[in-house]
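Have a look at the sequence and the fold first.

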Amino acid sequence: MSETSMASKNSVKVNLPQAYYHIYNRGVEKRSIFLDDQDYSVFLSYLKTYLCPKDENFLLSILSSHEATREEKIEAQKLLNLKNYSDSIDLLAHALMPNHFHLLIYQSKNVLDAFMNSLGTRYVMYFNKKYDRKGVLFQDVYKAVRIQSDDQLLSVSKYIHLNGPTSLNLPPHRYKESKFPCSLHEYIEGKQTSWIKTNHILNYFNAKNPSSSYRSFILDESKIDDIQDELIDFEG
């Protein structure tokens, strides 16, 4: 499949509630969208802000406080005005690469377009201001593939989690050496990050049985060929 036809196919999105989606996008002309560690951190911080419940009482208390600084009140007001998707979007997995990203998302309500537009617009504003540039950053609107089976859900999670380590020619058990942010830490080490919902995937596995654990699933090199074929033009 050509790059143009694939992009067209996955850009035509019929967003359905209570559905899983593989979301991905890359820089215009395949340019880098993350140039340093701060860029990765900012993108992840935006995900966290949109996906963690907003503590409105706390933010209002800052606005009414006589001790809060002007800068703290401005930031609190920004957060109050910011849209929040914690009640409708679950992020299952992510991988951020220098010129593209992958997200695995479950939406309970039909808000995927609003969420991705909020995330993309905010990051582009940050990136353009930091690097004194203008114009588009991403190649096109984000691409979305609706997950339609349990096998596909697990395979996509595996593909995303192998994206960082394999890009450095690292075997999965050496994923810590990858410099690219990836949610594999939450799955392999049991790291608790409130806005990454591992239960959607880990409920399929038995952590007490090594032969049927998520780790063993990751180490098995099968079951991602179909996804690689689908994305070969995207990542080429």
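## The overall picture

What share of the contacts in the protein with a separation of 6 or more comes from residues 24 or more positions apart? The answer is 73%, where a contact means heavy atoms within 4.5 Å.

A word on ground rules: this is a predicted model, in which local features need pLDDT of at least 70, side-chain atom pairs count only at pLDDT 80 or more, and totals for chains, interfaces and linings use all residues. Residues are numbered from 1 along each chain as its sequence is written, and side-chain values use heavy atoms, with hydrogens and water left out.

The protein has 10 helices and four strands, taken as DSSP runs numbered from the N terminus (H or I, at least four residues, for helices; E, at least two, for strands). Along the sequence they come in the order α-β-α-α-α-β-β-α-β-α-α-α-α-α. Of the 236 residues, 46% count as buried; buried is under 20% relative accessible area, exposed is over 50%, and partly exposed is in between (1.4 Å probe, protein chains only). The accessible surface comes to about 12600 Å², and 50% of that belongs to carbon and sulfur atoms. Those areas come from the Shrake-Rupley method with a 1.4 Å probe, and for residues only the protein chains shown count as cover.

## Helix α2 against helix α5

Helix α2 (residues 37–51) and helix α5 (residues 112–130) have axes that come within 10 Å and cross at roughly 150°. The axes are lines fitted to C-alpha atoms, for helices over the stretch in contact, with angles from 0 to 180 degrees between N-to-C directions. The crossing is right-handed, that is, the near helix is turned clockwise from the far one by less than a right angle.

On the α2 side, the contact includes V42, F43, Y46 and L47, and on the α5 side F115, L119, Y123 and F127 are among the partners. The contact residues divide into 11 nonpolar, three polar and three charged.

Leaving aside residues up to four places away in sequence, D39 touches F34, Y123, Y126, F127, K130 and Y131.

## Helix α3 against helix α4

Helix α3 (residues 56–64) and α4 have axes within 9 Å of each other, crossing at roughly 145°. This crossing is left-handed. L59, L60 and L63 are among the α3 residues that take part, and K73, A76 and L80 among those in α4.

K73 sits in α4, which covers residues 70–81, and is partly exposed at 26% relative accessible area. Its C-alpha atom is 8.4 Å from that of L59, 14 residues away along the chain. Beyond its sequence neighbours up to four places away, K73 touches I62, L63, S65 and A68.

Most residues other than glycine have a negative phi. E29, not a glycine, has a positive phi of about 55°, and K30 has one near 60°. E29 lies in the loop between β1 (19–26) and α2, and K30 is found in the loop between β1 and α2 too. E29 is exposed, at 76% relative accessible area, while K30 is partly exposed at 37%.

Methods
Nonpolar A, V, L, I, M, F, W, Y, C, P; charged D, E, K, R; others polar.
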